[in-house]
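Subject: Structure handover, salt bridges

Hi,

Here is the structure I promised to pass on. Please open it and keep it in view while you read my notes below.

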Amino acid sequence: MLRQLSPSPVPLRMTFYWHDLAKNPDYYDSQVTAATQAGVPILGILGYSSLSESSMPVVFDFTEISPFNISWDTPTGLLPWGSEGVQGTAKYLWNVKLEDGQTYPRVVGVSPTAEGGFVHGGVHFQVPAGHSVVLWAKVGFQQGANPATRANFSITYLKGTGFPTLASIQKGPDRALVTLTADISNLAGTSVELFFNVDPVPGHPAEPAIWQAAGILVDGVPLPMSQEVGTNLQAVINYPPKDPDAFAAYAANLAGRYPQIQAWEVWNEPNTSFFWRPAVDVEAYTNLLKKTYRAVKAANPKSMVLMGGLSPGDRSGTADSVKVADFLNQVYQRGGGAFFDAVAYHAYGDGALDDWLEDALLGIRYVMDSNGDVSKPVWITEMGCYTNGPGSVSDDWQTEYLNQARNFLARIPYVERVYWYTLRDASISTNPEANYGLFRADGTPKPAVKAFSLPLGN
């Protein structure tokens, strides 16, 4: 397939994981050497913290793992994380003011539909053995909620065919969050299915309810996040590094070790709260970008540094985000324009390419030109569609989409490179390196490539 697209070597993306390098500095040597010997240019992705370097909170909070470990359900079936509609709501709300008058960077918004029903979130939890164990959760509503609304908040668990209640309260907006507590020491040493529930109260309007936080005290001390997350790196890597200087040093080490790598992309979708948790922070990202740019250039002045890769920012779901053009403009306003050589963009949208991609690229170009960056290019470092799983397409359609993208983007002079990211299908692995399916639905193998670049023009 690649030979049909281009007779010359096709550039590849490589993601460099901090945790692998911490274990073995030589971890990526063989891969980089193999690509270099084949004459393949490499784009390196700098976007992932190790557990020790991540800004993930120290104290365990069930709301932190909502997209990864909690399965939300309704009377009509599974409610995908990020939902907000007639079936119900289960998603993060960002920088939201609650009824207590405080603004929180991230809370879990949960509500059934106005027509009734319920939203229950189930999670498996191993109760520590031989200790006093107390479960707690803070619940409430957004500021400005209808005073007439009511909701039944409860925490239950599965026991045989029943669901005994551990803690519950009926609540309306009263200008205060309420803390539910339950002593579950009698369950110590067992694996339980806990449920965080919001049920409507008949005769009262439904309003978005909030789980602000939910945690565990073991012998009176908060359970550490690291103990519960374990090896689930997919959760860890969604937090920015706690020390930007350490991240810049990590980037400089890679740039110096692999001078043959053509370009380095700083972080993955920092304009989404899913990948920059607990909420998008343009100031913090710009600071990271500046430090990383200086460090990479000092280690290898020939390396390009890319900003991004930015999400479109106009989709709901797990990627609650700032629109790409708005985020980019805010980076410029904070003096970040001198600290990247190209803008990296993740081109995902609905419908035909003509319906959305041209406008998206023009928006990016307008911001760049307005800030004096008329000569810098745009690199599309993710684009494509899966052929297995939710939202997938057929192999034939994937091929047609690829050809359409090549022809369409060849007409955009400032798009210098585009990487087809989804040649292999995603899986549900908690290891980000394994998060690509190896086989099609019919059992035949997919090509062993994570991402490659489409040759544009002649």
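First, a definition: a salt bridge is a side-chain nitrogen of Lys or Arg within 4 Å of a carboxyl oxygen of Asp or Glu. This is a predicted model, where local features need pLDDT of at least 70, side-chain atom pairs count only at pLDDT 80 or more, and totals for chains, interfaces and linings use all residues. Residues are numbered from 1 along each chain as its sequence is written, and side-chain values use heavy atoms, with hydrogens and water left out.

The structure holds 15 salt bridges. Here are some of them.

Start with E64 and R106. Their side chains meet in a salt bridge, 2.7 Å from N to O. E64 sits in the loop between strand 2 (42-46) and helix 4 (66-69), and R106 in strand 7 (residues 103-111), so the pair ties together parts 42 residues apart in sequence. (Helices, H or I with at least four residues, and strands, E with at least two, are DSSP runs numbered from the N terminus.)

Now burial. Buried means under 20% relative accessible area, exposed over 50%, and partly exposed in between (1.4 Å probe, protein chains only). E64 is buried at 7%. R106 is buried at 7% too.

Next, K91 and E84 form a salt bridge at 3.3 Å, N to O. K91 is buried at 8%, whereas E84 is exposed at 57%.

E99 and K171 pair as well, with their closest N and O atoms 2.8 Å apart. E99 lies in the loop between strand 6 (88-97) and strand 7, and K171 in strand 11 (residues 165-171), so this bridge links parts 72 residues apart in sequence. Both residues, E99 and K171, are buried.

Finally, salt bridges with shared partners join D61, E64, R106 and R277 into one network.

Best wishes
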